[in-house]
Structures are given as structure tokens and as C-alpha cells.
Amino acid sequence: MSAATTARPMSVRTLTGGSRLRAGALIVLNVVGLMAFLWPFALPAFTGGNENHHADGPVILLVLLVCLGTLLFVELGRGGMGPKAVALLGVLGATMVALRLPGFVAGFSAMFIIVLVAGNAFGPSFGFLLGAVGTFASGLFIGGLGPWLPFQMVAVGWVGMGAGLLPRTGSWRVRIWALAAYGVAAGYLFGALMNLWSWPFLTTGSAVSWSPDATAAENLRHYLTFYAATSFVWDTFRAVGNGVLVLVLGRPLLGSLDRAARRMRLEVGGDMNVTPAPSATREGAVDVEDPAPVLGAPRGVPVGR
Amino acid sequence: MTEALRVDAVSFRYPDAARPALVDVTLEIEEGTFALAVGPTGAGKSTFLRVANGLVPHFTGGSFTGRVLAAGRDTLAYPPRALADAVAFVPQDPGASFVLDRVEEELAYGMENLGVDPAHMRRRVEEMLDLLDIEPLRGRSVRSISGGERQRVAIAAALAAGPRILVLDEPTSQLDPQGAEHVFAALQRLVHDQGMTVILAEHRLERVAGQVDLALGFDEGRVTAGDPAAVIRRLAMGPPVARLGRLVGWDPVPLTVRDARRLAGALPARLHPVTPAPGDTRVELRRLSARHGDAGALRDVDLIVGEGEIVAVMGRNGAGKTTLLRSIAGVHAPASGTVQVGGHAPRPGIDAALCPQEPESVLFAETVAGEVAVTLKARGIDGVRPEAVLMELGIADLAAHHPRDLSAGQRLLVATAAIAAGQAPVLLLDEPTRGLDPEAKERLARFLRSHAADGGTVLFATHDVELAATVATRVVMLAGGEVIADGDPASVLGDSHVFAPQMTRAFGPGWLTPEQVAEALA
Amino acid sequence: MHPGAWILWATCAGMVTFTTTNPFYLALIVAVAFFVYAAQRVPGPTARSFRVFAIAGLITLVVRTSLVFLGTVDAGNVAFAALEGARLATLLIVFGTFNAVTDPFGVVRLAPRRFHEPALAAALALSIAPRTVAMVGRVREAQTLRGILTSWRTLPSLAVPVLETGMEEAVTLAESMDARGHGRGRRTRYRPAHWTPAAVVVSVASVVAAGVFVVAAWTQRGDLHPSTSPLAWPQVQPALLAAIGLLALPAFAPRPREEP
């Protein structure tokens, strides 16, 4: 009789196949990605002031896109997902796309709830994938492709990943409230990050603009003013919306997803090798786990429990 | 002749399951056989089909004993993807299994996975389009084609990679009679002209029972393989001709209309029984016209239905059946004409309750009883216990189950209970027998009869001729949005070629059910 | 035309836009973008992207200009802000064209082998989404008929059936994919997207145009950023105008075959 029969949350260790090198590389990549968002604060430290930064504009953007592109490239290009993960991504991604259609109510986008609950149910690796793929698909669907897409994909991916790192054990109340709080925080953070990377391009030469000559503290002050004037209201709608949706829908949706994980035998990072009896005798029963890992571990690399 | 499928002492239990799904199954299916898996729901048919292509145990997990050789390959050593070029699998709802958008590309998907070179792929795609008679559909989106066409596309897509074994899970459960015909014709071609091995599981045996070479009777995980007549004879719920055979004591039972006629000889025309006059008028449609894109418009429909009637609304897809029901329910506004239920414009859900085509779209509670309780609460009905409603449908024993854990038939009964709990006098059901096993159908029929006997009114849209023959007091035929026939089942169904029940086909108009015929022969 | 060529075109046009705030250049870019859109738009939901982006561009222009009022206000500052806004608006319009001319499935199909699975997931999301939308409508109607009206408190009655049915369909889908050999090994493509001569020409032209503008930016020639204090009439250089003209080439590429 098979031992593990429920989907277990995936630890960061199994996310990386247990390899320390991989873990390190992943962390570095994500930090680089974060730098791409925070570049207005980080850049002056690197360049030390440049007169003609107008010409740098497109080049900077290209560099940022390359950084994020690399992150996405590695995360999405790992392969070995298997039909179950792809099918889940497709169906959940479709829900994200469908939820984006009604349009925004002042920044609130219902598609976040999917990423939040699915990330929480299926783990951080899946959460990131869903965030990235779902955002990409909805961009395609509503015809909203542009240079902001990699930023959006990574940002929503991070929302999903974070949701997967939240506690999953314990009582339902703890789980739901933790997720709701995270949803609120993520709503603001997402907005702040998405504004931040484009802020310098949008506001050159005004009182709230970025300047490569200014110190990080000055830039921060400028940015906060800009943020308060533009994005804060939207982000509040989003954050509050996320929180409310989690409180209202979190438990039933998580219940459904947990059941689906059980039914699909999602052994996330569990024992993955089938041991077929070469000539099974009538007496011997073969206990079979799903041989292909659903998410995360690269193909061919055995994943330890 | 070699074996296509060889099963040796296979037992299997799903993870977390109390009882095994398959118990000590041993059988052989030779190449070129047309095999049929029959038996009640939950007896192991679906599991067996998945054993043939390795989904059990690789996809599902669980505890597996024994050995299966599919096209000579051991399914324990070969996971499903390694068997993709040997065994083709078509699930019950092919629409959910499509991966790409255009038919042509969907056909090529399997071959892409197998690394077939593009030139060869092009040729195979053309062959499959011709073989399944779907060439006109090649550039269409899979979403835009009919149910029968979808099944054939799914079959073509599964076969494109070259397997010689085709496994289908209830291919015609969602189809209208024409669609089912096309699918069975295609399967016949595959077996007889191409020498393929076809294994299918079905509940609706009327059309297919007489065409198969081998039947596999499933009963609680155990399988008896043998001559179709013998196996089907043992079924509680077989096709009407087989049921007739059992009632009258024929052995072997007839499986086709022709066999039945030969065994019975001619029968006199059946006097149409006097149908009881309907009670007060409950539903009245006068010159109703309605517009609706896909579901079919209605044109100048006149209809009067009284208390105690059970009306079967029949017709092709797109004839307007769903629009009719929705108009009566009050959710579809008429373009002209009037709809009156109980003497006034229908209040949605209060005067007439509608059970939609996909009953699971209403299930969201944690327990079956809870599902019914939700409706009771929403309608403000006190003093009725959910269990009482469940008892009317014969599913009181399911009260504590999670609705999503149940079979398709049980889900329909739960949905019907949840909707009937609203105590609307008029009950509307849209295609209730889609994917339904005979036991659930029987329970539903009993419930509809008792609802009508209590003074309620029932209208249901269906393709299922046998259900109409058994339970309806009246049949209304729609075509192109107009009523083309309206009368008692014996005359309306007796008059139709496409919609005639098996007994009518065998013995003439007026004969609707095996029980009637058996009585006459006794 | 190969989607890769479109991506390259959009990127280069975007870069060109990014390097300048000269209103004449910007206006010409907008004209070119509209021209390409009119000639190559793909019918379907993405067709209205152009209008959506154009409106978004207009809004951005207005917002950006009004940001000036947070600081000192004079003719020069307002002009500066307006030009910045115009640049952003032009950028949006370029992407409006890009969205209107690309077939979403085409973009997904061109994914390299490494990304087959996420690309497939995106394609699945695109195909399944309309079904999901329709399902939400049906569930809503069915629940209303039961007496459950849609509101905050009854959201689960709407969301759970949709999700549960989706999960069940995911199982069927996964089974079907598994049985058809998903993940088996090296894949081939049924109709690989070919780089037509038109696509090559467009790609080269786009890169050249971008290159011209980047060089101009580095060498600070061509009046890419007309002075706003003091306010001066912007100048144009014919070479740069010609470079923008290169970006109009996709309009002349042969249109793809129409499918029903």
C-alpha cells in the first residue's frame, strides 16, 4: 500500500532538487530579478552619475529585460513538468485569463486570487509558474503585450511563489488569515514594484522624478511622492480586494484544490521511481507512485524526500 | 492471430480506496476484435480501459498486481507515453481533452510528441481526416464543432500516431442519435476495414450491442468475457431487446431489432391506451418566438401543458429545446408572444425550476445533504429535511458524501434533488440523461413519475428515446424552432424513424417498452 | 509573417521611440504604426488592441503633462512634460499595432523546444478561457434559478463549481496528454514557422532603423531632444525620417492565408 497519499507541500529543498548549487543559483537569479525592479535606487551606485542618460534609456531597458528574461528563461525552461502540471497550469491559467476580462476596478484584478490559492495549494514552484504563464496568457488574450510583460510575469510569479511558502499546516483559520494578510501585502508590493521600474522613464525632469545624481534617500522620497500621487489608491483597491477575496473564497477554493491534488496524485517532490517487477508474480503487489515529478525537479534528477 | 491485449490475474486498488477496483482479471483480446465493456457504474469498466494503456497504475498510483501486455508491451515497464504509439485512448468528454485549437493541429499533436518527421505527419493527418470522415473540419476550431464531430476528431487524433488498439470510454454518452450513429459507423470501419482492435465501455447498448464480437461483463471488479448475447443477458439493465429476451425467457437474448423480430414473430398493432386527461393548465405558451444564437430560436410556438403531465421535448441539436425550457423557466425573454406559468409570467426558480445540461455546475456544497439545504434556505422553506428530498430520489444513503466524489449519474440525482427542493410546481430538465447509467436513469424516472402524480408538471429535453418511451406521457418534437409533432408517445415516436424506440422499430407503432411486449407475448 | 519578425519590429520601433522626444519624429512613428496596423491587423479579439492602446496613450499624455503642476510651471516645463508624454503615448501605439497584428497562438507556437511545456500551458489557457467564461455565466444562471443570487456572500456558489469542473477537466486533459505521449522525448513540429524573405527584410530594416537612432543618440545629433528652455522649434534630419520610413515595411508583407 502506498505510503504517502496526500500532496505534501514542497520545500525549497525539493524545489531545487536538493542541490546546493542549484539553490544558490536560484537565489542569485531571483535577486538579480529583484534588482531589475529596484534599479532606480541601485543604478546610481553603479554608474556614479552620467550626463547624457537620455541615450541610456533604451539600453537600460534592454539590460533589465535581459536580466528578467534570464530569470524567466531558467524558471520556465526547466522542463520535466509532465502532463499533470501542464494541464493544471492550462486550466488555472484559463481562469486567470477569464477573470481579467471583466476589466479592472481601479486596480483590483481578480486574477490574483487564483495565483494566491493555487500557489498555496501546490507549492512555490508551481505558484511562480502559474503567475508567469497566466500573466503571459492573459496578456496574449486581451492583446496587452509590451515591454512590461516580463516585469509583470515575474512580479505575479513572485506573488504565487510567496503564497506557496506560507504555512499550510495547522488550522484553517490560520491558513486563511495568513493568506489574506499576504494577499494584502502582495497587492501593495506588486503595485510598488510595477511602478518602480518604469518610474524613471515616466517622470524625467519633474519634481518627483528620478535622478541618477541624487542619493538613494532622495530618490526614495521622490518615488514615494510619485507613488502616493498615482498608484497608491489603485494598489489599495487591489490589496484590499485580494484580502477580501481570500477571506470569502479562500477556504472553499483551497478545499477544491487540495482535493484535486489528492485525486491527481500530486506527489510533489516525493519518491518518483516506479519499480516495475520485471515479471510480476501473482503474489507480489506493486505499489506505484507517480513516476514523473509534477513540478520543480529537473528531469532525470532523483529527488529525495 | 496475435493478441492485442493480454491481462493476467490483474488486481488493482486505487490509493485511499476501501475496495479494489479490479479483482483477479484474466482475459485475452485478439487483434481485430470489437470488444464491449458493460456493467453498472463503479464496476471497473473505466479502470479496465485505463489498464490497457498504462494510465493505471502510472497516472493514478495505487496498488497493482498482475501483468498486462498491450501490443506485446508490459504496461508496468512502459508508462502511458511509451505506449502512445500502441494504444489510443479517447476519454468520455473529448472536448476537455483537446490540446490545440485547430483540428488539423490537434491531429498532429500526438505525432509531434513521438518525433515523427513533418512530411510523414502531413500524410498521416490527411489519412486520418479521410478515415474518420472529418476532412471538411480541418481548419475549424475544435470548439466550434458538434459533439459527434468532436468524438471523431478525438479518435483521429489518438489514432494518428499509428496505434492498432483503440480504447474508448463511453463515446456516445453525450451525443444525439445522429452523432452516435456516425461514431459507431466509424468504429465499424476501423474494425472491419482496417483490422483495428477496438475496446469500448458503454451504457447505451441499443445501437452497439449487435455489432460487437466480444463482451466483457463487469461486476464489482470481476470480469466475465464472452459471447455478447450471453454476457448481456446477465445484465440487469441491457438494451430493450435484451430485457425483453430476459422477461420472456429467450436464450440467447436478441441484441438487435432483427433478432427480436425473428424470435417474436409479428405482433398486432397496439391499441393506443387512453392517456388520462391532464389536469389544470399549468404552462401555456402562445405564439412564442424567441431568439438565441446557438441554442436555436423559437418560432410561433403554441403549447399547453397541464398538471400531472410528463412531457419529453425532442429534436435535433439546435432545434430550440433548451431555449424552450429556458423560456418557460423565465430566464429567456420572449421576442414576441407570451409565456405563462400558473397563470402569470414565470418567476425564475419559483414557478418553474430548471436543471441545466451540466448538473455539476450547481454543486458546490461539502455534502449532498448540504446541497439540498442550501436551496431550502435560499427559498425560505422550513420544516423540510434535506434527507426527505433525497429519499424521493432514492439517494438518501449519499447524504454525507461529497457531491464531487460521486459518479455522473449520482451527481445528476443530487442536482435534481437540490433543484426540486425549491418546490417549484413545474420541473424542467435539460438533457438529464447525458452520461447517465441505467440505475440512475431508473431512479430519475421514478422520481419524475411521483412528482407528476403529486400534481407537479415535468418537461424534459432529451435525445434519449428509451427514457421518453418509458416515462413520458406526451412527446413534443421541435425542428428549426417550430413544433412539428405533439401528442402521446406511442404515436409521435411511432411516426419517427430517428426517434423510434427499439420496441417500436421491432414491432411497430404503439409498442414502447419491453414490459408491454412481454405482456403481449405471454 | 513570422511572429519573431514582428517581435523584432516592435522592439526596434520601441527603441527608436524611446530615444527621442522630437514631436515630428514621434508623429511620423505614429503614422507608420497606424499604417502597418491598418494593413496587417488580424481579425479577432486582439484587433481592438490598437484602439485601446491609443486611448491609453492619450490618457498617458494628459497625465504626464499634468504632473508638471506638482512643481514650478512655465512654458518650458509644460512643453517638456508634453513631449515626454507624447513619447510614452507613441510607445503605447507601437505596441497597440504589435498586439493587433499578432495571432496569439502564433506567438505560442514559435516557442523553442525548451519552453514547449509553459508555452503549451499558455496555449491551453487561451483555448480554455472562453469555455470558462461561458461556464461562469451558466453557473450564475443555474444558481439564480435555485434562489441563490450573486453577491459577496454567495461567491463560493459561483467560484467552486467553476473551479471543480475545471479540475476535473484538467484530469481528463492530463490523461489524454499522457496517453498521447507528452514528455516522451524530442519533439518535431507539424508546421514549422518559416522565415520568409519578407520577414527577413522587415527584421533587417527594423534593426537598421533602431541602429540609426541609437547612433544618433550617442553622437547627440538630429535634434532628438528639442530644447524646451528656451523653447525652440524642433529640427528634423532626413536620414532619421528615412529610418522611420523603414519601419513601415511590414505593411507591404503578404498577409497570411485566411482561415474560417
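This is a tour of a predicted model, chain by chain, with something to select at each stop. Residues are numbered from 1 along each chain as its sequence is written, chains are lettered from A, and ligands are numbered from 1 in the order in which they are written. Because the model is predicted, local features need pLDDT of at least 70 and side-chain atom pairs count only at pLDDT 80 or more, while totals for chains, interfaces and linings use all residues.

**Stop 1: chain B as a whole**

Select chain B. Its secondary structure comes to 18 helices and 19 strands; helices (H or I, at least four residues) and strands (E, at least two) are DSSP runs, numbered from the N terminus. The radius of gyration of chain B is 24 Å, close to the 24 Å that the globule rule gives for 522 residues, so chain B is as compact as a globular protein of that length. That radius is taken over C-alpha atoms, and the globule rule is 2.2 Å times the number of residues to the power 0.38. Along the principal axes, the C-alpha atoms of chain B fill a box of roughly 65 × 50 × 50 Å.

Of the 522 residues in chain B, 60% are buried. A residue is buried if 20 or more other C-beta atoms lie within 10 Å of its own, exposed if 12 or fewer, and partly exposed in between, with C-beta atoms placed from the backbone.

**Stop 2: the two domains of chain B**

Colour residues 3-235 as domain 1 and residues 281-487 as domain 2; these bounds come from an automatic or database domain assignment. The centres of the two domains, taken over C-alpha atoms, are separated by 33 Å. Their contact takes 12 residues from domain 1 of chain B and 11 residues from domain 2 of chain B. Two residues are in contact if their C-beta atoms, placed from the backbone, lie within 7 Å.

**Stop 3: two helices of chain B**

Select residues 45-52 of chain B, helix α1. Here 8 of the 8 residues are buried, so the helix is largely enclosed by the rest of the structure. B:Phe48 and B:Leu49 are among them. Just after α1(B), look at B:Gly54, which takes a positive phi of about 90°.

Next select helix α11 of chain B, residues 368-378. Its buried residues include B:Val368, B:Glu371 and B:Leu376. What do the buried residues of α11(B) pack against? Show α12 (386-392) and α13 (408-420) of chain B, together with α6 (116-146) of chain C. After α11(B) comes B:Gly380, with a positive phi near 70°.

**Stop 4: chain C**

Now select chain C, which has 9 helices and 0 strands. Its radius of gyration is 24 Å, whereas a compact globule of 260 residues would have one near 18 Å. The C-alpha trace of chain C spans about 70 × 50 × 30 Å along its principal axes. Buried residues come to 51% of the 260 in this chain.

Colour domain 1 (3-108 + 194-252) and domain 2 (112-179) of chain C. The C-alpha centres of these domains lie 38 Å apart.

**Stop 5: where chain A meets chain C**

Finally, show chains A and C together. In this pairing, 53 residues of chain A are in contact with 59 residues of chain C. Which elements give two or more residues to the chain A side? They are α3 (53-76), α4 (82-100), α6 (124-141) and α10 (232-263) of chain A. α4(A) gives the most, with 14 residues.
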